[in-house]
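User: I would like a close look at one part of this model, namely a sheet and the helices beside it. Please keep the answer connected.

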Amino acid sequence: MEISPALNTPLNIKSYANHRRLVQKIGISILFLSLIVTIFFLFIIVIFIAVRGAGVLNIEFLTAMPRQAMTKGGILPAILGTFYLSLGAVIFALPLGILTAIYLNEYTGANTLVRIIKMGINNLAGVPSIVFGLFGLAIFVKFFGFGVSLLSGSLTLAIMILPVIISTTVEALKSIPDSFREAGYGVGATKWQMVRGIILPAALPGILTGTILGIGRAAGETAPILFTAVTFFSRKLPKSILSEVQALPYHIYALVTEGTHPKEQIPIAYGSALVLLLLVLGLDLIAIIIRTRARKKKLW
Amino acid sequence: MVKVANINPPKIIPALLDTTSKCDKNNTRLKIEKLNVSFGKNHVLKDVTFNIKCNSITAIIGPSGCGKSTFIRCLNRMNDIIPSARITGKIILDDINIYDPNYEPYELRKKVGMVFQKPNPFPKSIIENLAFGLRLHGIKNKREIEKRVVSAIKSAALWDEVKNRLHDSAFSLSGGQQQRLCIARALAIEPEVILFDEPCSALDPISTAKIEDLMINLKQRYTIIIVTHNLQQAARISDYTGFLYLGKLVEFGETTKLFTAPKEKLTENYITGRFG
Amino acid sequence: MSRKLKELIIKSILLFCALSSLLFLGGIVIVLFTQGLPILKYVGIGEFLFGTHWYPTHEYAEFGILPMIYGSLIITLGALIFAAPLGILSALYIAEVAPFWLKEIMKPIVELLACIPSVIYGLFGVLLIAPIVQKLFNLPIGLTAFSAAIILGIMVLPTVTSIVEDALSSIPKEYKEAAFAVGATKWETMTKITLPAAASGISTALILGIGRAIGETMAILMVAGGSARIVFSFLKPVRAMTSTIASEMAETVMGSEHYYALFGIAIVLFIMTLCFNFIADRISYQFHKKFTATR
């Protein structure tokens, strides 16, 4: 073994250093500028909606029924409709999603069936929302005969948010260390007792995050409920799960594209948009806060 | 000890002995003065002061958590990457304090190379792993790059094993080979000082022996500083040893003296295996 | 009941739940095909996919969906041209340059913005972007492919940024350390080590972005105008596959040619998004494998 002789021409870095410093400065400035532009575009939407919608927003707008062919009054039915639809979607999707996640993470290893199921979930997550709408139309509205109703809409939305709930729950389960499971078995618990008594409580913040994200997604979607649940105008609040409902996102769409009195209706659309935006961002903010706090508090 | 075959005794090439030496009359390469480091509220290094000699191997030993990795990462300002790090004191290399605000860390790291605990080649081919650093420092000529790459790989005692597959992925090498590739990568840009942060902790005894031999060879041209938790390793290869304990430099001196007749009780306890 | 039997029952219930996702996906496929394939009784598959005339309610109805495929693709392409560079560069800043506190703020903000409902983007597009586009280019109408591409670009921007940021952050820090140790500047480390290493993660982000853009309904429906003709100009109204389904389904009679044709469009859409997802899945799998094998 020998050391090859030093090369006669030493690396000269001095002449090159200034150039490199300059390149770095320019490069990082460009990155910073891009971030500013990105943030600008996204904030301008929020600000635009907030500014135009704020003037309309008051207690009456939130709690009154629409009047005079949707040109006056409030948006209570739309708010309630969106509330019912998202609630319904979560009631259907939550148990199914959690149990699926438990099966995938706790009960099986990596076999072909699990791979296929996971691929199915991934693909379900990528299905365009309008296709869920068509599915709901053909199955719930027509085949099961639920008609255009709260029930059909909730079921359709439930299928759509199922992948969100499954994947966040799986993430939460994955982050629980194996020592917890061993401790459970160590005191003689069966698998289910271990899952119910130890794993689920530990995964609760993660599951909650997924649930809230799911609600937020369900509340904001329009295409899946377009043919399955919504109506443009109703005088009454929904009476049963088989009645048609109004919903905020569809309400906004309809007012902008099909409204006959734009002067009166566009402001209502802005107001509704602000309500929807606050609702969705608020929910997601809560979800993110829960997740961040759970991560910080985590003792393992 | 594991018996190691296939390792030739180092051959010293006389012409190399005077290739570097930008040292002062005391033969000092690095002066460390009152170095203090803290991460947040955690005070990791306390008033560390000593000099590192030219063309020697200096080992830093100490129990886990004593700050030895933090110390070695100060010498090429690697701790700058950690946002919470606060560093005070001076480290003087070639008459300049490397913590001077005008001193660019990347110019420093050209002079002070580093080899890490885990082999960390880039996800590129063997030759590209070395060419990367050369191009950064302004060498664009393909022949020139090739010449330097081959020279560095030879110096890292890796040439025979990789000469036929320079364009393969660096990940096709074994762990020990990867670590020697990382050494070659550090050599390619012709540093003056090379830092080894527990370079053998992830390697088997045979690879370890190869790298130790390599280090002994390299000190003819470079100043080497190695952090190790392996006392035998420090005793085998180093000329000087510093013992760090709870962030303080307890003792520093010639390795033979430190290991045979330590001045401090703490040092004696540590090297005789009473704690650590 | 013995504990063993109980465990078995529970396991079966769980398996059944897990299979439900496959059931739904299968159900969607079956519904689409049973409701969509009958259109081929009325028009040939070539005529359906490549026909350029869409007159679903005429006496001599024509069902060519090429204009909509074109519309979807042109809007998606435009959106990507807008969102990809901005998203990647912003993600680079967040992941590699931003100080810790800024990163901690930016990540949730980007995530939050990805959740804004599409109908709100639509509203913004119709009432702000479209008039600006109209004035800027002196057009008779502001609802154009260009406006839709901008809106869609803004819409996928947070998604792209967030996934690219994840990909960059998942590059082992050892690579960066190695680059710094040979004297690379922050910028050189970013562009020559981190970015190439994250290339497949970034492509996954872009493909998922494309998937989201092509499946997007409401914003395009509101902003793109809605002419079902092929127009080779970015500044004229176009119509996408999704918006055609959304706007016409309510007027159709179940079992009519028009109804089948709309489901036929959905089949095309579904297959396209399936392909994008599949490609993204493969790439991200490779990406994952690369970084778990080497560590």
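Which strands of chain B does helix H7 (residues 205–218) lie across, and at what angle does this helix run to E8(B)?

Analyst: In this predicted model, helix H7 of chain B lies across strand E3 (57–61), E7 and strand E8 (223–227) of chain B. Helix H7 runs at about 145° to E8(B).

These strands belong to an open sheet of 6 strands in chain B, with the order E6-E7-E8-E3-E9-E10 and mixed pairing. In general, strands of a sheet pair through backbone hydrogen bonds, either parallel or antiparallel. The edges of this sheet are formed by strand E6 (112–115) and strand E10 (248–254) of chain B, each of which pairs on one side only. On average, neighbouring strands are turned by 15° against each other, direction ignored.

The loop between H6 and E7 of chain B contains B:Glu190. Most residues other than glycine have a negative phi. B:Glu190, however, has a phi near 50°, a positive value in a residue other than glycine.

Definitions and conventions: Residues numbered from 1 in each chain as written. Chains lettered and ligands numbered in written order. Predicted model: local features only at pLDDT ≥ 70, side-chain atom pairs only at ≥ 80, totals over all residues. Heavy atoms only, no water. Pairing = 2+ DSSP bridges. Helix = DSSP H or I, 4+ residues; strand = E, 2+ residues; numbered from the N terminus. Axes fitted to C-alpha atoms, helices over the stretch in contact; angles between N-to-C directions. Contact = heavy atoms within 4.5 Å.
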